[in-house]
Amino acid sequence: MPRGIPNAKRDESAMRFTSFHVPLAMNTKYTGGSYNKSDSQTYWYRNAARASLAAKSRSTAEDPALSAATEGRRGSKVLVIHPGSRWLRIGRASDVNPVSIPSVIARKESVPQPPPAFIANISRPQPDRARGQPCTLPQTGDEYAVSLASDDPFDAKVAAISISLRDRMRFYKLRVTANAANIASTFNDQFKPEIIPEANDPFRVDWISESSEDTLVGDAEYSVVLVIPDFYDRFYVEALVNIFLVQMGFKQLCAQQESLAATYGAGISNACVVDMGATRTSIACVDDGLVIGETRQEGHQHTMSLNMGGDDITEFLYVLLEKISFPYRDADLVRSYDWSVMEDLKSRLCTLAEGDVALNLYDFVVRRPGKATEKYGLRAYDEIILSPMCLFEPRVIEFDNKRLNMRPVARPDVTAEVLDQPTDHVTNAMMISTQHLLPVIVPHAIIPAEQPLVLPASGTQTPAVVINATQPSDQGDTPGVSNPTPTPADTPAEGAKAVNGADGDDPKSEEPPTSRRSSVPPISVPTSTVNVTGEGTADAPMEISDSEGPDTKVLPVIPQEQLHAHYSAQHQPIYPGGFAIDVCFEASKLPLDVAIFNSARAAGGDEKIRKYLQAVLVIGGTALVPGMAHALESRLQAIATPLVPNMEKVQIIPPPKDVDPRVLAWKGAAVLGKMDGVSDLWVGKQDWDLFGMRALKERCFYL
């Protein structure tokens, strides 16, 4: 070897394929350059400085008095847009309240379109029992007892909800009106409507056939604060941003999540935000102004979305009223004005306060185009409380029908940018809620070679609260809720012990018996022996050990390749995330109280659960149902008390005084639009053209 060249170190790993010597990294202590070491050298800063300089030059060229007049109040040049499932709320950040318009999309078609078909999202009774046939029979003995009127599956589902209601009424010592359903049905069937002359109708509707109003186009002087869902779809957000910045020509845009906007509007920094809309209910935990997550790449791990909302209450109310001979016989929910009639009845009649259940007389008005206004009378009993209880007992909701005629915005495997998005991952809250449905992975590659490969039954790894014996056993369509009667598949293995106080009769819990419902199914572990140590908490791990008894048979070892091939053939991952089931869809079927508890549980340990269950912020139109706060508090308290040590009282945070919970998220986004710090979050048209969705990911750090 030539002199002056040191001996090369021998490669002991035998993994190098080149003799090229990689130099060490430069020591930044001795570098003299300052390139890209300050924010002033970034592309975002140069763009913002360029825009502010252009605005300043325009203001100096114009009349100073005119520029001051056009500037106006802070936020007058910022539009806040909150698209909801039923209403789109839009207004300037300086406005007190937004303008609410129906959230619809209209397309002009050249060929005649067939009339719209109504898809039933609520179970329906049999045709011969759809009208004038109550679901339950009156009882002569125990007034709180419930008996089925027929073998109709719909009657069984309604009776199960009635049992939960009667148990709560028994707990609060409320009397039950005997034969109330038959009395209401007889009155409604004989009622004749009253015709109201057009001159005497103060709320007469002026029906129109077409509109010639101008179309809103963007203004280059206005900025947009867009409120997006917590668990947003990247194609949904990308399409909206493209419309606002490219097609409508707005100046700049900032995206804000609903839960963060709600906390800004309520003036709090930590909360479990429950947004109850018309078609969906989203749940997210917010910690110090951020939707918390383990890492940014894994998305928001404590976010859930339930596929139910206020529209399900409206439809269920209509079905229940039909069972007691609804006097408006021509009602058809596919027509907008008939749907408005049911929405009005829901807002005035529905309640979750058990003390409001009584055989009362109500009235409502039907206004139809081309016909006289009609006034009807109606008598109802427990239908007004059974309909909103479907949020806590979703057995009557047909979740599969909600996916009919729905197509994704774009295929998830075809995208122009390789970016990690929150919807690409399943959240921890969803995994906790559906792990009892996931197939159990074989822990060892030791299986009998001479016998066919059979995978064990599915089980869970989480504790549960035992349901009261009076709770109906029909829980098949509600994941995450355990059956009161154990089945062979649900029975723990021999030697298993109870975890986390599975006894539902906790002396500290003073809630109605039927509200004691489990957050997850009972423990079922397919191992030979289960050894659980300690009292455990809601997040305590279990110690599982395999012990060999005297009759234990030593099984031959099967190659790992054969085992993997067999498992892949039996459970082909065909759903997002590589799971054998659609985790997002199955998690959307949870009862509301169970979903809130699982979302708080996904945030961390017992301290986190106590923290978020003591600050539950309920927003949205469905939050206006009377008694919603108490109904949530009592049910969450019954779930959390046996599972969480030292659990204090669950608290539902009311919205600020004189603030409608439907516009609370919009008001929070308006607050952000008027802050000075929002200047660091704007994304302009040039930024969007250059970076696309990456611009939102880098500028809006909380996405």
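Predicted model: local features only at pLDDT ≥ 70, side-chain atom pairs only at ≥ 80, totals over all residues.
Two strands count as paired when DSSP finds at least two bridges between them.

Strand 13 and strand 14 (residues 373-380) run antiparallel and are joined by 7 bridges. In that pairing, V366 stands opposite E374 of strand 14.

N179 is found in the loop between helix 3 and helix 4. Its phi is near 55°, which is a positive value in a residue other than glycine.

Stepping back to the whole chain, the model has 18 helices and 19 strands. Of its 703 residues, 44% count as buried. The accessible surface comes to about 37,300 Å², and carbon and sulfur atoms account for 54% of that. Contacts reach well along the sequence, too: taking those between residues at least 6 apart, 75% join residues at least 24 apart.

Next come the helices around helix 7. The axes of helix 3 (residues 153-171) and helix 7 (residues 310-323) come within 13 Å and cross at roughly 105°. That angle makes helix 3 roughly perpendicular to helix 7, because angles from 65 to 115 degrees fall in that class. On the helix 3 side, the contact is made by F154, D155, V158 and I161, while helix 7 brings F316, V319, L320 and K323. By class, these residues divide into 6 nonpolar, no polar and 2 charged.

Helix 7 also meets helix 8 (336-349). Here the two axes come within 9 Å and cross at roughly 95°, so helix 7 and helix 8 are again roughly perpendicular to each other. Helix 7 takes part with G310, D311, I313, T314, L317, Y318 and L321, and these meet W339, M342, E343, L345 and K346 of helix 8. Sorted by class, the contact has 7 nonpolar, 2 polar and 3 charged residues.

Two serines belong in this part of the story. S325 has its place in the loop between helix 7 and helix 8. Its phi is near 60°, a positive value in a residue other than glycine. At 4% relative accessibility, S325 counts as buried, because the cut-off for that label is under 20%. The other serine, S387, is found in the loop between helix 9 (383-386) and helix 10 (428-434). What does S387 touch, leaving aside its neighbours within four places in sequence? The partners of S387 are I313, F316, L317, L320 and C350. S387 counts as buried, with a relative accessibility of 0%. The C-alpha atoms of S387 and T351 are separated by 8.7 Å, although the two residues are 36 apart along the chain.

A further crossing involves helix 6 (residues 258-266) and helix 16 (residues 664-673), whose axes come within 7 Å and cross at roughly 80°. That makes helix 6 roughly perpendicular to helix 16. The split by class is 7 nonpolar, 2 polar and 1 charged.

How many residues of helix 16 are buried? The count is 8 of its 10 residues, so helix 16 is mostly covered. The buried ones are L664, A665, W666, G668, A669, A670, L672 and G673. Besides helix 6, these buried residues pack against strand 1 (78-83), strand 2 (87-92), strand 7 (223-228), strand 8 (252-257) and strand 17 (616-619).

Note on methods: Residues numbered from 1 in each chain as written. Heavy atoms only, no water. Axes fitted to C-alpha atoms, helices over the stretch in contact; angles between N-to-C directions. Helix = DSSP H or I, 4+ residues; strand = E, 2+ residues; numbered from the N terminus. Parallel < 35°, antiparallel > 145°, perpendicular 65-115°, else oblique. Nonpolar A, V, L, I, M, F, W, Y, C, P; charged D, E, K, R; others polar. Buried < 20%, exposed > 50% of the residue type's maximum accessible area, 1.4 Å probe, protein only. Contact = heavy atoms within 4.5 Å. Areas by Shrake-Rupley, 256 points an atom, 1.4 Å probe, with all protein chains shown as cover.
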